[in-house]
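Please keep the sequence and the coordinates in view while reading.

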Amino acid sequence: MRTVVIGGTGHAGTYLVPKLVEAGHEVVSVTRGEREPYRPDAAWRSIETHNIDREAAERAGTFGQTIAALEPDAVIDLICYTKESASGLVEALRGKVRQFIHCGTIFVQGHGVQVPTTEEQPRNPFGDYGVNKAAAEAYLLDEAQRNGFPVSVLHPGHIVGEGWPPLNPLGNFDPGVFAKLARGEEVALPHFGLETVHHVHADDVAQAFVLALENWGASVGESFYIVSEAAVTLRGYAEAMAAWFGQEPNLRFLPWAEWKQTVSEADAGATWEHVARSPQHSISKAKRVLGYQPRYTSLQAVQEAVEWLIVNEELLPASEFSNRGTKPRVSAR
Ligand SMILES: NC(=O)c1ccc[n+]([C@@H]2O[C@H](COP(=O)([O-])OP(=O)(O)OC[C@H]3O[C@@H](n4cnc5c(N)ncnc54)[C@H](OP(=O)(O)O)[C@@H]3O)[C@@H](O)[C@H]2O)c1
């Protein structure tokens, strides 16, 4: 099957493209060609690549036709952020593709009501990113149900993998928080530390996309939350990471107004974006319909990514880490 991946060299694509090649797909990756995938893999040498700037092509009204001209059997759109972007592709690909998979986000949910949140529960998106992604999803599922457009929608959680810092126990991306936990230094958490984050390993995201293609009859017209088996609380996450570093957790809890003064404005903003949603999602539909089975728990995924940061000296000097004598080992199920 000839599968076009739009946005194939980022967090999701780095793991997805090699998995598609392994599954026997003829892969075409469309990006601007400005960056390399996070991990090397021989699979990248066997794929076709096209450098196209989506935004510029959309402004010129040529993007959909350009993708259609690649003659795909399937299209995986990893970088669609608005309904207008989605509709440009739908109009160009209608009747021409066997399947179209849109990458959404758990931020389409907004705050949950009954947790873990299932796909059927009403959405409460807020913020431009979540609202626009929810509008794109609603449009695409309507196209599937009303007009038979063969779209499936996958909503990943916070994507984790080797090569970039994972969302940390404060709910932001400052890798220094892991260094503090590794040194046994005090870390302040907002509130009681009981708000949640829901990670997923990029390899499990890739697994879900391949499964959606393999089970197209069951996945078309449906959306799926793609996360690990269980979300973690900020406190539980911080304690588990401290223990992994061989340290006693040294945590302090502060009301939001006080806590936000302890970090930069940007980090406080990122934390707010995550704790205001406190995602906890169910994967029972993905398991039942797709046969999705995440290989990584949230902590296994994060620990593998942190180990990568350590090995590449992006977190602590290697000497400091090896002196600790507690080099943790990570094993995925
Ligand atoms: N990262 C997460 O934690 C997360 C969580 C939930 C959902 N998601 C969703 O997952 C999807 C993929 O996210 P990601 O984190 O993998 O993205 P990413 O790491 O930012 O990667 C974006 C990819 O698209 C390409 N790209 C960017 N701008 C482009 C343009 N104008 N034209 C053509 N190609 C362009 C990039 O390559 P070039 O720069 O070389 O063009 C790269 O291959 C998104 O829909 C996002 O909403 C992400």
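Which residues in α1 are buried? The model is a predicted one, and in it the buried residues of α1 are His-11, Ala-12, Gly-13, Thr-14, Tyr-15, Leu-16, Val-17, Pro-18 and Leu-20. That is nine of the twelve residues of α1, so by the cut-off of 20 or more other C-beta atoms within 10 Å the helix is mostly covered. The cover over these buried residues includes the strands β1 (2-6), β2 (26-31), β5 (99-103), β6 (151-156) and β7, together with α7. After α1 comes Gly-24, which has a positive phi, near 95°.

The ligand is surrounded by 23 residues, and the closest are Gly-7, Gly-10, Arg-32, Arg-54 and Thr-105. Two or more residues of this shell come from each of α1 (11-22), α2 (54-60) and β7 (158-160). With three residues, α1 gives the most to the shell. Sorted by class, the shell around the ligand holds ten polar, seven nonpolar and six charged residues.

Next comes the nonpolar core. The largest one has 85 residues, and the members that touch the most other members are Val-205, Ala-208, Phe-209 and Ile-226. Helix α7 (residues 202-214) gives the most to this core, namely eight residues. At least three core residues come from domain 1 and at least three from domain 2. Leaving out residues up to four places away in sequence, Ile-226 touches Leu-154, His-155, Pro-156, Val-200, Val-205, Ala-208, Ala-286 and Tyr-292. One of these contacts, Val-205, is itself among the core members that touch the most others, and Ala-208 is another such member.

The domain assignment of the protein gives domain 1 as 2-159 + 199-226 and domain 2 as 162-197 + 230-278 + 297-323. Taken over C-alpha atoms, the centres of domain 1 and domain 2 are separated by 29 Å. Where the domains touch, eleven residues of domain 1 and eleven residues of domain 2 make up the contact. On the side of domain 1 that touches domain 2, strand β10 (residues 199-201) gives the most, with three residues. By class, that side of domain 1 has seven polar, three nonpolar and one charged residues.

Note on methods: Residues numbered from 1 in each chain as written. Predicted model: local features only at pLDDT ≥ 70, side-chain atom pairs only at ≥ 80, totals over all residues. Core = buried A, V, L, I, M, F, W, Y, C linked by C-beta atoms within 7 Å. Helix = DSSP H or I, 4+ residues; strand = E, 2+ residues; numbered from the N terminus. Domains from an automatic or database assignment. Contact = placed C-beta atoms within 7 Å. Near = placed C-beta within 6 Å. Nonpolar A, V, L, I, M, F, W, Y, C, P; charged D, E, K, R; others polar.
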